[in-house]
Amino acid sequence: MINTNITTIKDFHIVGFPGLLPQYYGPVSALLLLTFISIVFGNVFILIFVSCVECLHKPTYLIFCHLALTDIAFGFVTLPKIIARYWWDDRIVSFGVCFTQMYFVHSLGAVHSLILLMMAIDRFIAIRVPLRYSVFITNKIISITCGMFWIVTLMRMFVVLSHALSLPFCDSNIIAQCYCDFISIVRLACKKDKYIEDVAFGFAMFSLLVPLAFIIFSYCAIIICVVRISSSEGRVRTMSTCTPQIFITSLYYIPRCFVYLAYFLGFKFPNADIRIVVIMLYSLLPAAVNPLIYCFKTKDIKETLMKKLKSTRVEIKVTA
């Protein structure tokens with residue numbers, strides 16, 4: 001519980017990019033708005049398209065839908081406030097809203113990692129034991145598993161939230177970030193608590209590294225299996241079935257691992273603006289790009305989309 005005798009801060013101020021000059025506020029807010037629109041429309045399109053096309057009602061595409069949901073939610077949680085900060089100079093966020101944003105930022109990140117793990121398992125079983133795929137991987141199993149990922153993660157993150165709320169806040173309320181996250185908030189506490197920071201760090205590493213370890217193992221096993229295929233055509237065809245998943249996973253994990261490794265090795269960014277730009281890029285770029293990967297790198301979605309576009313053109317010509 002919050003010790004109200006010590007915690008005197010009622011709200012926080014979101015700085016965004018500390019070194020950004022006022023003349024660039026308009027272009028930056030426009031870019032962030034464009035990113036938000038791309039995330040929402042792209043991922044909503046995937047959800048609607050998969051739900052409306054019966055031949056796409058398969059486990060693989062159900063996983064894509066769960067991934068799209070996390071991307072949409074993350075966009076709504078993080079971007080509207082920072083856009084308002086640069087558009088209308090609305091930088092104040094209430095104490096409760098800031099902690100709520102922090103909770104969902106970290107929860108959605110953890111769920112995203114687990115869904116990427118499910119995606120790797122799906123491809124691992126499809127390629128390593130294809131005859132058992134329909135037994136181990138069904139729409140029902142995927143729905144239950146992904147549902148459990150959401151529920152367990154949201155419950156687990158209440159620990160991090162309650163720990164952060166237990167800290168006293170009585171001095172600075174300036175958050176040098178585009179949204180409220182655990183590190184930015186805890187740094188403002190009047191009293192440092194190493195236990196709370198260690199628990200949060202442990203949760204973060206569990207959410208990141210445990211799924212990553214299984215993902216690396218799965219794709220290494222897939223690559224070994226593909227290499228053993230005698231015909232080059234068979235290797236290309238088999239590998240193409242997991243190309244979108246590899247792209248999506250790499251886009252999510254490689255930048256994060258680089259930043260965490262750099263932090264572990266003691267590397268510091270030249271200034272806060274570069275650090276924030278890197279964080280925003282690896283947080284938002286995958287969410288904006290993933291729908292394009294689904295459409296252009298997934299055979300079933302690409303072919304179905306092309307057929308619908310061709311049929312639409314024919315109908316337009318006939319009508320004309």
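This is a predicted model: local features need pLDDT of at least 70, side-chain atom pairs count only at pLDDT 80 or more; totals for chains, interfaces and linings use all residues.
Me: On what basis are residues named and values computed here?
Reply: Residues are numbered from 1 along each chain as its sequence is written, and side-chain values use heavy atoms, without hydrogens and water. Local features need pLDDT of at least 70 and side-chain atom pairs pLDDT 80 or more, whereas totals for chains, interfaces and linings use all residues.

Me: Why are S1 and S2 called paired strands?
Reply: Strands are DSSP runs (E, at least two residues), numbered from the N terminus. Two strands pair if DSSP finds at least two bridges between them; 3 bridges join S1 (residues 11-14) to S2 (residues 92-94), so the antiparallel strands pair. Phe-12 has Val-93 in S2 as its bridge partner.

Me: Which side chains of S1 are buried?
Reply: Phe-12 and Ile-14 point to one face and are buried (under 20% relative accessible area, 1.4 Å probe, protein chains only).

Me: How is the lining of the largest pocket divided by class?
Reply: The lining has 31 nonpolar, 9 polar and 10 charged residues. Ala, Val, Leu, Ile, Met, Phe, Trp, Tyr, Cys and Pro count as nonpolar, Asp, Glu, Lys and Arg as charged, and the others, Gly among them, as polar.

Note on methods: Buried means under 20% relative accessible area, exposed over 50%, partly exposed in between (1.4 Å probe, protein chains only). Helices (H or I, at least four residues) and strands (E, at least two) are DSSP runs, numbered from the N terminus.
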